[in-house]
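Trainee: I would like to go through this model with you step by step, with the sequence and the coordinates open beside us.

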Amino acid sequence: MTEAQALVRLQEIDLDMLRLASTLAAMPQQKKMQAIARARRKVQSEQTKIFAQRKDLETYVSENQEDLEHYRARTEEVKAEVASGSHGYRQIQDYEAHLTGLAKKIEKLEHNRAQLDEDLEKVKRAESNANLTLERLDDEEAAQKKSFETDSAQIRRKIVQLDAERKDVVSQISDKHMSDYEAARKRFKGLAVEKLVGNVPSVCRVKLQPASFHDLTHGDDVAECPYCHRILIVDDPYVEGEGK
């Protein structure tokens, strides 16, 4: 294979690989997996918020329980003080006022505790639902990946074959021409190489002036188009019997 032939074949390989990659990207499983990934990110974001809410509520419940135990214990202490001996009228009133205040604090704490328990239960259910949703998304993703691997096996095998051939073809091209090819491929979205058909380049289709045509046809097989600056194959390497 001549270097001109290698450049033409290299472009064919790269264009085929681009088409195959586009085919893979357009497969329905790919779109579904992208949707699953978006859904997972959303659920995980909500899961983080739910986790923080649960931790806060558990802290509030713990603090509430500590306060309840403290005021209940204090209530028992006051009752024990009242029962421990005789007290005057004013002292009895003070004890009753103290017990009333403690009872109100306990009542408020118990009321708050009921609400905290309800809120905590809701958050735990939300957290459980989020975990179940993530498990379902994992199962869906696994199913889509398996389906994709089955349906895309032939395409992926072809890409592997083309990649191996590409390495062989590249080994037959000089560093200078490879550098020119990669630059033109990037600039022209894959169409880096064109052939001279008569006196017209096959891609840009700008007819060569006689002087340019003469110079190109009496030079190397691999040149540069004077108009679009793609790599120009002066002799079609795949047409037997033609060329200089």
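Trainee: How many aromatic pairs does a search of the whole structure find?
Mentor: This is a predicted model, and rings of Phe, Tyr and Trp would have to have their centres within 6.5 Å to pair. A search of the whole structure on that basis gives a count of 0.

Trainee: Which residue lies over the face of Phe 188?
Mentor: For a charge to sit over a ring, NZ of Lys or CZ of Arg must be within 6 Å of the ring centre. Over the face of Phe 188, at 4.0 Å from the ring centre, lies Arg 230.

Trainee: Which strands are the edge strands of the sheet?
Mentor: The sheet is open and has 4 strands with mixed pairing, in the order S2-S1-S4-S3. An edge strand pairs on one side only, and this applies to strand S2 (200-201) and strand S3 (222-224).

Trainee: How far apart are the end C-alpha atoms of residues 61-143?
Mentor: UniProt, in an unreviewed entry, places the feature "coiled-coil region" at residues 61-143. In the model this stretch is 94% helix and 0% strand, and its end C-alpha atoms are separated by 42 Å.

Trainee: What distance separates the centres of domain 1 and domain 2?
Mentor: The domain assignment gives residues 27-153 to domain 1 and residues 175-233 to domain 2. Taken over C-alpha atoms, the separation of their centres is 71 Å.

Conventions. Residues numbered from 1 in each chain as written. Predicted model: local features only at pLDDT ≥ 70, side-chain atom pairs only at ≥ 80, totals over all residues. Heavy atoms only, no water. Domains from an automatic or database assignment. Pairing = 2+ DSSP bridges. Helix = DSSP H or I, 4+ residues; strand = E, 2+ residues; numbered from the N terminus. Phe/Tyr/Trp six-rings, centres within 6.5 Å; stacked < 30°, edge-to-face > 60°. Lys NZ or Arg CZ within 6 Å of the ring centre and 35° of its normal. UniProt positions renumbered as here; feature names shortened; annotations may be inferred.
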